[in-house]
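The sequence and the model come first, and the text follows.

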Amino acid sequence: HTFCKYLTFYVAAQAALLLSQHKFGPRYFIPARFLPVKYDYYRKLDVSHLQDMTDVETGSGIECVICMNSVQLEPARARMVTPCE
């Protein structure tokens, strides 16, 4: 009888933890000093530097090395900057 109470409490605690992570985010209970800095993929980019760059093969603007499509420089939310740039 006691085992069932402990098991029920344990499962309820796990469910509460999962629900709280769904509501507040998966890292909310970890202190900020232990978390790594989040990388901002939509950070500002020096567009004037990039406008001088052209694709060697086509002579046009900047090309994505993954999908081989041209990259839109504006608006900033239309493109992402990877950590390797």
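Among contacts in the protein between residues at least 6 apart in sequence, 40% join residues at least 24 apart; a contact here means heavy atoms within 4.5 Å. The model is predicted: local features need pLDDT of at least 70 and side-chain atom pairs count only at pLDDT 80 or more, while totals for chains, interfaces and linings use all residues. Residues are numbered from 1 along each chain as its sequence is written, and side-chain values use heavy atoms, with hydrogens and water left out.

**Helices and surface**

The protein has 2 helices and 0 strands. Helix 1 has 23 residues and spans 33 Å from its first C-alpha to its last, close to the expected 33 Å; the expected span is 1.5 Å times one less than the number of residues. Just after helix 1, Gly25 has a positive phi of about 105°. Tyr28 is in the loop between helix 1 (2-24) and helix 2 (47-51).

Of the 85 residues in the protein, 9% are buried. Buried means under 20% relative accessible area, exposed over 50%, and partly exposed in between, with a 1.4 Å probe and protein chains only. The protein exposes about 7,800 Å², of which carbon and sulfur atoms supply 64%; the areas come from the Shrake-Rupley method with a 1.4 Å probe, and for residues only the protein chains shown count as cover.

**Aromatic rings**

Which residues do ring pairs link into a cluster? They are Phe24, Tyr28 and Phe29. Rings of Phe, Tyr and Trp (its six-membered ring) pair if their centres lie within 6.5 Å; planes under 30 degrees apart count as stacked, over 60 as edge-to-face and the rest as tilted. By this rule there are 2 aromatic pairs.

| Pair | Centre to centre | Angle between planes | Kind |
|---|---|---|---|
| Phe24 and Tyr28 | 5.4 Å | 45° | tilted |
| Tyr28 and Phe29 | 5.5 Å | 85° | edge-to-face |

Phe24 is exposed, at 53% relative accessibility. Tyr28 is partly exposed at 38%, and Phe29 is also partly exposed, at 45%.

A nonpolar surface patch of about 610 Å² accessible area is formed by Leu17, Phe24, Tyr28, Phe29, Ile30 and Phe34 together.

Conventions. Helices (H or I, at least four residues) and strands (E, at least two) are DSSP runs, numbered from the N terminus. Patches are made of residues with over 30% relative accessible area and no salt bridge: like charges are joined within 9 Å, nonpolar side chains (Val, Leu, Ile, Met, Phe, Trp, Tyr) within 5 Å. A salt bridge is a side-chain nitrogen of Lys or Arg within 4 Å of a carboxyl oxygen of Asp or Glu.
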